[in-house]
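The sequence and the structure come first.

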Amino acid sequence: MNHSNESTPLCFSINSPPFNYTHTIASAYFSSVFSALGLTFNLIAFVVLLKSFLRTQSRSRSSFLIFLCGLVFTDFMGLLVTGSIVVSFHFTQFNWRLLDPHCHFCNFMGMSMVFYGLCPLLLGATMAMERFVGINRPFARSTSMMTKSRAVSIVLLVWAGAGCISLLPLVGVGSYHMQIPGSWCFVKISSEASDMAFCLLFSLVGLLSIAVSFLLNTISVVTLVKVCCSQDARQRRRDYEVEMMVQLIWIMMIASICWCPLLISPAQVAFHRKSPLQPPSIRYVTPGFPSCARSQD
């Protein structure tokens, strides 16, 4: 389908539906099953964490559970929003261009991908920093105790920061674009100045969050191993801290596997200045978090 530049909305200027894509019943049920499982597990995890938060007496564990609840809630909402759109596409096979001629729906989908993509990474880095201070600088942490209200404020601040980044394309910094097979929208990956700036910002914030999480979690694990093997291990019970570190490492691994393809591809295009007419093809294969995407060259 060919359109002139004047009649083609920005989000369809490179990839314009309908695409030559075979819709199978398997893809529809595959997306539906994984969405349902993801929503169910996130809801169960949120209820369990909420009960643990109400029972715990430790301030450090309370703050960690607040961060974890914020992460699970964000994950649930991300799956609910993006999964609903993708599952609807696979079942109805709607033409996005006819449904959304002014790109409002596409922009919303792109904002959701960026927002719900950065939030888990930023929250993971925040939790890694909190655990790093609690394990490696316990006296400094005791003098400036992480209260529940402060932990909630940090979660809200992370959401606000990710939200501001996701809104940048609406004020002219970057843009959101339809992605093959027509079920989702994401950042426009090109060598244009505004698109390059937004791609780099999105990629660097996400990759820096992963790097900070990896570095601080590694140091914290090494410190815990030394403490557990020391002679005063009996006096310093670290069972709950070991449990929190195991959870944090799993979160870091899952988030890294899920989002690294979407973080690295925009940076590669920006640094290598590839043609905006041939961006790398990133296909949304399952509408869930954490197993949400893969990169295809």
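**Overall fold**

The model is predicted. The protein chain contains 8 helices and 4 strands. In sequence order these elements run α-α-α-α-α-α-β-β-α-α-β-β. Of the chain's 297 residues, 48% count as buried. Taking contacts between residues at least 6 apart in sequence, 78% join residues at least 24 apart. The accessible surface amounts to about 14900 Å², and carbon and sulfur atoms account for 67% of that surface.

**The α4 and α6 pair**

Two packed helices are described by the angle between their axes and the distance between the axes. For helix α4 (residues 104-136) and helix α6 (residues 148-167), the angle is about 145 degrees and the axes lie 8 Å apart. Their crossing is right-handed. On the α4 side, the contact includes Met 111, Val 114, Phe 115 and Leu 118. On the α6 side, Val 158, Trp 159, Ala 162 and Ile 165 are among the residues involved. By class, the residues of this contact are 14 nonpolar, 3 polar and no charged.

**The nonpolar core**

In soluble globular proteins, nonpolar side chains tend to be buried together. The largest nonpolar core of this model has 63 residues. Trp 96, Val 114, Leu 118, Met 127, Phe 186 and Val 187 have the most contacts inside this core. Helix α4 provides the largest share, 16 residues. The elements in the table each supply at least two residues of the core.

| Element | Residues |
|---|---|
| α1 | 25-55 |
| α2 | 59-92 |
| β1 | 176-179 |
| β2 | 184-187 |
| α7 | 193-229 |
| α8 | 239-272 |

Helices α4 and α6 also supply at least two core residues each.

Val 114 takes part both in the α4 contact with α6 and in the set of core residues with the most contacts. Leaving aside neighbours within four places in sequence, Val 114 is in contact with Ile 165 and Ser 166, with Tyr 176, with Phe 186 and Val 187, and with Phe 198 and Phe 202.

**Cys 103**

Is Cys 103 buried or exposed? Cys 103 is buried, because its relative accessible area is 6%, below the 20% cut-off for that class. The residue sits in the loop between α3 (96-99) and α4. Although Cys 103 is not a glycine, its phi is positive, at about 70 degrees.

Technical notes. Residues are numbered from 1 along each chain as its sequence is written. This is a predicted model: local features need pLDDT of at least 70, side-chain atom pairs count only at pLDDT 80 or more; totals for chains, interfaces and linings use all residues. Side-chain values use heavy atoms; hydrogens and water are left out. Axes are lines fitted to C-alpha atoms, for helices over the stretch in contact, and angles run from 0 to 180 degrees between N-to-C directions. A crossing is left-handed if the near helix is turned anticlockwise from the far one by less than a right angle, and right-handed if clockwise. Contact means heavy atoms within 4.5 Å. Ala, Val, Leu, Ile, Met, Phe, Trp, Tyr, Cys and Pro count as nonpolar, Asp, Glu, Lys and Arg as charged, and the others, Gly among them, as polar. A nonpolar core is a set of buried Ala, Val, Leu, Ile, Met, Phe, Trp, Tyr and Cys residues joined through side-chain atoms within 4.5 Å. Buried means under 20% relative accessible area, exposed over 50%, partly exposed in between (1.4 Å probe, protein chains only). Accessible areas come from the Shrake-Rupley method with a 1.4 Å probe; for residues, only the protein chains shown count as cover.
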